[in-house]
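Hi everyone, thanks for coming.

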Amino acid sequence: MNIRQKPHSLFIIVAIFLFIISFFVMDKSFDIRMHDTYFVIANTYIFILLSLLCMCYWLIYKLTTKILLSISLSRLHITLTLISIL
């Protein structure tokens with residue numbers, strides 16, 4: 001797996017990392033208060049959702065590798081996306 005030629009492979013590495021982390025954050029939750037309603041979301045599900053998001057990005061890059069115009073723009077997109085996820 002060559003990161004310089006295929007920077008989208010970072011997405012699958014981060015996805016696996018987030019999926020493994022989801023097993024270790026069991027007792028925590030995230031509360032969203034909207035008017036008189038509380039939405040309680042376990043952190044496990046948030047990590048799994050972020051993992052699936054990374055896998056979807058990886059799949060999109062994998063399918064569109066032949067029509068990408070610039071690898072430097074792909075690197076910039078991947079870097080900014082992973083910084084915002086992490």
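Okay, one definition before anything else: helices (H or I, at least four residues) and strands (E, at least two) are DSSP runs, numbered from the N terminus. With that in hand, Thr44 is found in helix 2. I'll come back to Thr44 in a minute.

A word on where this comes from. It's a predicted model, where local features need pLDDT of at least 70 and side-chain atom pairs count only at pLDDT 80 or more, while totals for chains, interfaces and linings use all residues. Residues are numbered from 1 along each chain as its sequence is written, and side-chain values use heavy atoms, with hydrogens and water left out.

Let's start with helices 1 and 2. Helix 1 covers residues 9–21 and helix 2 covers residues 43–63; their axes come within 8 Å and cross at roughly 165 degrees. By axes I mean lines fitted to C-alpha atoms, for helices over the stretch in contact, and the angles run from 0 to 180 degrees between N-to-C directions. So helix 1 is roughly antiparallel to helix 2. The cut-offs go like this: under 35 degrees is roughly parallel, over 145 roughly antiparallel, 65 to 115 roughly perpendicular, and the rest oblique.

Who makes that contact? On helix 1, the residues are Ser9, Phe11, Ile12, Val14, Ala15, Leu18, Phe19 and Ile21, and on helix 2 they are Phe47, Ile48, Leu50, Ser51, Cys54, Met55, Tyr57, Trp58 and Tyr61. Contact here means heavy atoms within 4.5 Å. Sorted by class, the contact of helix 1 with helix 2 has 15 nonpolar, 2 polar and no charged residues. For the classes, Ala, Val, Leu, Ile, Met, Phe, Trp, Tyr, Cys and Pro count as nonpolar, Asp, Glu, Lys and Arg as charged, and the others, Gly among them, as polar.

Next, helix 3, residues 71–85. The axes of helix 1 and helix 3 come within 11 Å and cross at roughly 10 degrees, so these two are roughly parallel. Leu10, Phe11, Val14 and Leu18 of helix 1 make the contact with Ile78, Thr81, Leu82 and Ile85 of helix 3. That contact has 7 nonpolar, 1 polar and no charged residues.

And helix 2 against helix 3? Those pack at an angle of about 175 degrees, with their axes 12 Å apart, so helix 2 is roughly antiparallel to helix 3. From helix 2 we get Leu50, Leu53, Cys54, Tyr57 and Tyr61, meeting Ser74, His77, Ile78, Thr81, Leu82 and Ile85 in helix 3.

Now let's zoom in on a few residues. Not counting residues up to four places away in sequence, Val14 touches Cys54, Leu82 and Leu86.

Ile85 lies in helix 3 and is buried as well, at 14% relative accessible area. Again leaving out residues up to four places away in sequence, Ile85 touches Leu18, Leu50, Leu53 and Cys54.

Back to Thr44, as promised. At 19% relative accessibility, Thr44 counts as buried. Its side chain reaches the backbone oxygen of Ser22 at 3.5 Å. For the record, a polar contact is a pair of N or O atoms within 3.5 Å; within protein, one must be able to donate a hydrogen and the other to accept it, and residues adjacent in sequence count only if both atoms are side-chain atoms. Leaving aside its neighbours within four places in sequence, Thr44 is in contact with Ser22, Val25 and Met26.

Thr64 is found in the loop between helix 2 and helix 3, and at 26% relative accessibility Thr64 counts as partly exposed. A polar atom of the Thr64 side chain lies 2.7 Å from the backbone oxygen of Ile60. Then there's His35, in the loop between strand 1 (29–34) and strand 2 (37–42). His35 isn't a glycine, yet it has a positive phi of about 55 degrees. His35 is exposed, with a relative accessible area of 73%.

That's my tour, so over to you.

Technical notes
Buried < 20%, exposed > 50% of the residue type's maximum accessible area, 1.4 Å probe, protein only.
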